[in-house]
Amino acid sequence: MERPAACAPPPARAPVPVAWSVVPVDFTVVKKGPEMAMHDATGALAFRVAGGGAGGTALFDAAGIALVTVRTSGQGEWQAFSGSSLEQRHIIFSAKVISTSSSRKEVHVFIPPRSSFEDTKPSYRLLGSTFRRACTIIKGDSIVAQTNLLYKLKKTIYSRRKFRVTIYPGNDNILVMAMIMTFFVEK
């Protein structure tokens with residue numbers, strides 16, 4: 001006996017894909033001198049920061065491919081370039097230290113072509129303390145990412161070598177990691 005079409009079960013639907021950016025993403029960072037290793041939630045190496053080839057500091061992926069190279073362009077100013085290039089046409093962002101003290105540092109980041117040091121409003125602001133491994137990345141009125149030390153219960157002394165980076169949904173992990181590299185590594 002055949003069922004009428006109205007009584008037939010609906011066709012099976014494919015599962016709805018869940019975008020990776022619907023939840024914050026955490027990375028654990030281990031800093032040793034000027035180098036950093038960034039691990040994802042599973043403990044796998046996701047990014048690495050080390051000296052780059054042409055006198056800059058580079059952000060590498062887990063396979064060792066340079067994603068971003070940062071070099072100083074003057075007192076308290078840096079430029080970030082795509083890959084290992086240092087050509088002006090490959091610039092991703094420029095950063096400038098606005099204020100620094102023993103307990104607070106503020107860096108303004110400008111994304112070209114519509115933003116430069118002459119602009120009064122930066123694309124991103126990085127606020128925090130390098131000593132406390134605290135940094136908040138702000139775009140407009142929204143928090144893009146935050147860093148903080150890895151605190152443990154019943155422990156009174158904390159290592160400043162390890163800290164956490166939380167990147168909120170809808171943001172580029174590589175861009176955020178490059179800005180964090182600039183904040184904590186570059187002098």
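Okay, Ser85: setting aside neighbours within four places in sequence, Ser85 is in contact with Thr69 and His90, contact being heavy atoms within 4.5 Å. This is a predicted model, where local features need pLDDT of at least 70, side-chain atom pairs count only at pLDDT 80 or more, and totals for chains, interfaces and linings use all residues. Residues are numbered from 1 along each chain as its sequence is written, and side-chain values use heavy atoms, with hydrogens and water left out.

Ser85 sits in the loop between β6 (77–82) and β7 (91–100); strands here are DSSP runs of E, at least two residues, and helices are runs of H or I, at least four, numbered from the N terminus. Buried or exposed? Ser85 is buried, at 17% relative accessible area, because buried means under 20%, with exposed over 50% and partly exposed in between (1.4 Å probe, protein chains only). A polar atom of its side chain is 3.1 Å from the backbone nitrogen of Glu87.

Next, Thr166, in strand β12 (residues 162–167). Thr166 is buried too, at 14%. Beyond four places in sequence, its contacts include Pro24, Val25 and Asp26.

Now the core. The largest nonpolar core has 37 residues, meaning buried Ala, Val, Leu, Ile, Met, Phe, Trp, Tyr and Cys joined through side-chain atoms within 4.5 Å. Helix α1 (residues 173–184) gives the largest share, 9 residues.

Last, confidence. Mean pLDDT, the predictor's confidence in each residue from 0 to 100, is 82 for the chain. Over residues 12–20, though, pLDDT stays under 50.

Technical notes
A polar contact is a pair of N or O atoms within 3.5 Å; within protein, one must be able to donate a hydrogen and the other to accept it, and residues adjacent in sequence count only if both atoms are side-chain atoms.
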